[in-house]
Amino acid sequence: MKSTTQFKLNPVNDLALRHAGEMSVKDICAQYGISEKQIRAAARYRGISLAFDKPVATKKLWTDQEIRQLHVLSVTHTSAAIAQRLGRTEHSVKGKAYSLGINFMKVGEHSPLAKHSNHDIELCRQLHEEGLRPFQIAEKMEIEISHLCRVLKFEARYREIGVMA
């Protein structure tokens, strides 16, 4: 069964909590002769933080130039590389990219798995439109026929040109 006793106000706790943030909890308890449990409960009841000797993090605002760089670099760089270049944490870069709707997924020739340039892929599509058969294009461009067929049907390598499947 849950206890229904309410927290009792204590003038000693009020005095002790004046040092919250200036002294450690152990030092406050030793100075006023109260338990850690008691001081923590009093702080929680009053909404007072007992954090001591922790550096206060200051938010560095994003400039327009940094946002433009983030947009440009997200196509070719990882979030870690961008963070290093901008002098920010990777977490802040990822957070800002998420809020701006920027995705770090590499597509097309920027993907580490890409075997062919965007120019080659576009050339294959143009040759197909001019009437060449897929096996002829695959032979000329030295591309696997299965991959070429997926490219020609826009099942592969379509994101870099803005076409949605």
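This is a predicted model: local features need pLDDT of at least 70, side-chain atom pairs count only at pLDDT 80 or more; totals for chains, interfaces and linings use all residues.
Residues are numbered from 1 along each chain as its sequence is written, and side-chain values use heavy atoms, with hydrogens and water left out.

The protein contains nine helices and zero strands. Helices (H or I, at least four residues) and strands (E, at least two) are DSSP runs, numbered from the N terminus. Along the sequence, the pattern reads α-α-α-α-α-α-α-α-α. Of the 165 residues, 27% count as buried; buried means under 20% relative accessible area, exposed means over 50%, and partly exposed lies in between (1.4 Å probe, protein chains only). The accessible surface amounts to about 12,200 Å², and 54% of it belongs to carbon and sulfur atoms. Such areas come from the Shrake-Rupley method with a 1.4 Å probe, and for residues only the protein chains shown count as cover. Among contacts (heavy atoms within 4.5 Å) between residues at least 6 apart in sequence, 51% join residues at least 24 apart.

In soluble globular proteins, nonpolar side chains tend to be buried together. A nonpolar core is defined here as a set of buried Ala, Val, Leu, Ile, Met, Phe, Trp, Tyr and Cys residues joined through side-chain atoms within 4.5 Å. The largest such core in the model has twelve residues, namely Ala 16, Leu 17, Ala 20, Met 23, Val 25, Ile 28, Cys 29, Ile 34, Ile 39, Ala 42, Ala 43 and Leu 50. Helix 1 (11-17), helix 2 and helix 3 (36-46) are the elements that give two or more residues to this core. Another core, of ten residues, lies apart from it and includes Trp 62, Leu 73, Val 93 and Ala 97.

Ile 39 is found in helix 3 and counts as buried because its relative accessibility is 0%. Beyond residues up to four places away in sequence, Ile 39 touches Asn 13, Ala 16, Leu 17, Val 25, Ile 28, Cys 29, Ile 34 and Leu 50. Ile 39 and Asn 13 are 26 residues apart in sequence, yet their C-alpha atoms are 6.5 Å apart in space. Met 23, another member of the core, lies in the loop between helix 1 and helix 2. When neighbours within four places in sequence are left aside, Met 23 is in contact with Ile 28, Gln 31 and Phe 52. The C-alpha atoms of Met 23 and Ala 51, which are 28 residues apart in sequence, are 8.9 Å apart. Gln 31 belongs to helix 2 (residues 25-32) and is partly exposed, because its relative accessible area is 47%. Not counting residues up to four places away in sequence, Gln 31 touches His 19 and Met 23. A C-alpha to C-alpha distance of 8.3 Å is found between Gln 31 and Ala 16, which are 15 residues apart in sequence.

Two packed helices are described by the angle between their axes and the distance between the axes. Helix 4 (residues 64-73) and helix 6 (residues 90-100) pack at an angle of about 85 degrees, with axes 11 Å apart. Helix 4 is therefore roughly perpendicular to helix 6. Axes are lines fitted to C-alpha atoms, for helices over the stretch in contact, and angles run from 0 to 180 degrees between N-to-C directions. Angles under 35 degrees count as roughly parallel, over 145 as roughly antiparallel, 65 to 115 as roughly perpendicular and the rest as oblique. Helix 4 contributes Ile 67, Leu 70 and His 71 to the contact, and helix 6 contributes Val 93, Lys 96, Ala 97 and Leu 100. These residues divide into five nonpolar, one polar and one charged, where Ala, Val, Leu, Ile, Met, Phe, Trp, Tyr, Cys and Pro count as nonpolar, Asp, Glu, Lys and Arg as charged, and the others, Gly among them, as polar.

Lys 94 is also placed in helix 6 and counts as partly exposed, at 45% relative accessibility. With neighbours within four places in sequence left aside, Lys 94 is in contact with Ser 79 and Phe 104. Glu 142 is located in the loop between helix 8 (134-141) and helix 9 (145-152). Because its relative accessibility is 68%, Glu 142 counts as exposed. Phi of Glu 142 is near 55 degrees, a positive value in a residue other than glycine.
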